[in-house]
Amino acid sequence: MPSESYDAVENFLRDVDVQISCKLGLDSVNEELRAHIEDRMEFYQEYGLDGEEACRRAIRDMGAPDVVGLELNQSHRLRTAKPLLFVSLALMLTGFAGEMLGLGISWDLADMISDVLYLKYYFWGLLVLLATARFGYPFLLKHTKGVCIVSLTSLAAVGSIWILTGLFPGVLDKITSNAPYFVHRLLGAVSNSSIFVGAVQLAVPVGAILLYRRRKDGYRGFWLLFFWQIFLVLLSGRNFWLGSTYIPVLLLLLACLGISLYLSARGEFRIPKGRGMAMSILSFCLLLALWAAPKWDRVKEALELCVNPDTRAPVTTAWDDSYNNVLIRELLGRARAFGEIELAGEELVRYGTAQWYYEDGPGNWNDGRETASVSGSLERYVETRMQHLDEPALRDILPQHYMENYRTAWWVLRYGWVPALALMLLVAALPVIALWTAFRIRNGLGRLVSFSAGLLFALQTAFYLLEGFGFQFGGFPNLPFVAEGFISITGSAMLAGLLLSAYRFDTVLEEKKEPKIISSGSGR
Amino acid sequence: MDRKMMAASTSMLLLKLLEEEDLYGYQMIRRLEARSDNVFSLKEGTMYPVLHALEEEGAVESYEKTAENGRTRKYYHLTKKGQRTLGKKREEWEAYEKAVRAVLEGGASFAF
């Protein structure tokens with residue numbers, strides 16, 4: 001193209017760009033308009049016009065650049081997923097308020113500051129949410145491969161630490177004996193099984209990206225996702241006996257199943273849809289078997305505890321979770337529509353000490369071989385409770401350290417069914433709005449990452465609500481933004497932030513795809 | 001053709017073209033001109049905001065292909081939502097056309 005023509009085209013594009021307020025992703029818009037002008041120039045040149053005249057006419061045919069720019073400005077702009085942002089913040093506020101109430105309201109300024117500092121992870125969560133919403137998707141687009149490598153390396157590092165501490169107990173203490181305090185805190189967090197929930201929250205979108213990047217390579221994407229899940233299931237194995245990884249593993253497997261079914265149904269793979277779906281289901285079944293088979297007895301016990309806790313409540317090793325399931329089901333049946341459940345003082349004592357079940361009720365402690373009073377853990381529990389339950393309150397009935405797990409049940413008992421259902425509706429709104437937002441995203445990668453986030457929220461919420469009704473299976477998942485810890489709120493905030501970010505930049509940033517070469521010339 | 005009338009029907013016409021096959025912007029302009037005997041000759045740059053708005057609505061999706069001459073072209077593909085939108089727009093247009101024709105041809109009779 002002659003330099004005068006080149007300048008004229010670039011001037012036209014510059015005049016268009018001036019009218020577009022969001023300057024991100026303008027290269028793509030310019031490229032499209034430039035290609036159009038060049039096509040039109042070729043057309044005029046075929047009719048015998050020289051390059052300069054062809055260029056002049058091609059630019060004239062485009063219309064006034066300011067009008068084109070102003071009209072493009074209507075669609076080329078950043079967007080805010082307001083419903084999702086509102087629900088996330090409302091849930092965060094609800095969770096924070098719940099924690100504050102749980103700590104007990106004190107109007108003393110020093111106490112309030114102390115409580116707020118204790119709950120600083122909520123402020124951290126808010127920061128992560130806003131930062132991810134602002135920078136998350138552009139960063140992911142730019143460093144997709146890097147994100148996968150860093151995630152893999154991080155989980156491998158965590159796995160190595162777990163294996164090391166498993167094989168050589170105490171070795172880390174020796175190595176880090178002179179290390180600063182924060183190193184000990186960090187290693188302590190990494191060695192804790194509760195980190196696994198956060199790991200899964202971040203691993204699922206990474207798995208989705210791995211599958212998406214290889215979706216056109218036959219079965220390679222499926223294999224990558226399959227091995228990614230195996231890797232995580234093996235990581236969970238270190239703490240298998242705790243049962244606290246049961247729900248995170250199920251979250252992982254179900255979310256990955258949903259993701260691969262979704263991509264199959266959309267016809268994103270080169271293989272037929274039906275085969276993709278069959279592969280997804282087969283992978284899920286194989287992974288489920290791989291996870292459950294080695295410790296089937298324990299998984300079966302957890303299932304029994306969930307479905308029929310009466311059979312597990314008398315067994316010493318699992319009595320507390322089983323008893324909680326029994327107690328929750330008993331009390332929810334007596335809750336009112338509005339206001340606190342009505343229990344007489346004597347009833348509160350009987351519930352608070354478990355006397356109603358183990359001594360006066362059907363609870364047959366240790367199959368009747370010993371009474372509750374001579375059994376170690378229950379005896380300690382009952383005696384400790386009795387010392388503090390002279391004038392018991394409702395809060396004393398549920399074990400205090402489980403309050404975060406039974407947040408919805410607590411609302412039913414404390415405020416009544418109607419307020420509790422309002423809370424549950426708000427909680428359920430998060431996954432519904434998250435998925436609704438995800439389906440409005442047009443960029444493939446952004447939509448898939450957002451879908452995986454929405455799906456995770458849906459699964460976490462479903463498991464939590466189910467367990468809150470006395471159907472605990474293994475451990476509780478976190479309830480996004482409402483019942484959280486430091487690690488899990490980081491995961492939830494990153495998921496919601498990624499969703500907000502993918503939606504925000506959807507119309508201005510496009511994922512870079514390898515363009516296909518076609519035999520061209522057609523169409524003119 | 002009057003620009004306002006043209007603008008109102010541009011998105012429907014573009015969707016109709018994409019119903020048949022995936023096209024890039026310049027191809028759509030040429031098809032419109034050819035099929036309408038140059039009646040539909042809009043300012044070409046103004047088609048892209050319409051296409052981008054349709055993409056934002058989810059009525060069309062885009063992907064890139066590079067031609068042999070090295071020029072990267074952005075192709076548009078009609079989605080299922082776009083098919084529904086096209087159906088709706090077509091119905092609206094037919095109702096509008098019928099009403100205009102009725103008025104021009106002397107008007108419909110009304111019962112009072």
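This is a predicted model: local features need pLDDT of at least 70, side-chain atom pairs count only at pLDDT 80 or more; totals for chains, interfaces and linings use all residues.

When I say two residues meet or touch, I mean that their C-beta atoms, placed from the backbone, lie within 7 Å.

Start with the two helices. In α4(A), the residues V68(A), E71(A), L72(A), Q74(A) and S75(A) meet a set in α3(B), namely Y48(B), P49(B), H52(B), A53(B) and E56(B). Sorted by class, this helix contact has 5 nonpolar, 3 polar and 2 charged residues. As for geometry, two packed helices are described by the angle between their axes and the distance between the axes. Here α4, residues 65–75 of chain A, packs with α3(B) at about 0 degrees, and the axes are 9 Å apart. Angles under 35 degrees count as roughly parallel, so α4(A) is roughly parallel to α3(B).

Now the whole interface. Chain A contributes 30 residues and chain B contributes 28 residues. On the chain B side, α2 (25–35), α3 (47–57), β2 (60–67) and β3 (72–78) each supply at least two residues. That side of chain B has 12 charged, 9 polar and 7 nonpolar residues.

Last, the loop residue. R79(A) sits between α4 and α5 (82–103) of chain A. Is R79(A) buried, exposed or partly exposed? R79(A) has 15 other C-beta atoms within 10 Å, so it counts as partly exposed. Leaving out residues up to four places away in sequence, R79(A) touches Y503(A), R504(A), D506(A) and T507(A). T507(A) is 428 residues from R79(A) along the chain, yet their C-alpha atoms are separated by 8.1 Å.

Technical notes. Residues are numbered from 1 along each chain as its sequence is written. Chains are lettered from A and ligands numbered from 1 in the order in which they are written. Helices (H or I, at least four residues) and strands (E, at least two) are DSSP runs, numbered from the N terminus. Ala, Val, Leu, Ile, Met, Phe, Trp, Tyr, Cys and Pro count as nonpolar, Asp, Glu, Lys and Arg as charged, and the others, Gly among them, as polar. Axes are lines fitted to C-alpha atoms, for helices over the stretch in contact, and angles run from 0 to 180 degrees between N-to-C directions. Angles under 35 degrees count as roughly parallel, over 145 as roughly antiparallel, 65 to 115 as roughly perpendicular and the rest as oblique. A residue is buried if 20 or more other C-beta atoms lie within 10 Å of its own, exposed if 12 or fewer, and partly exposed in between; C-beta atoms are placed from the backbone.
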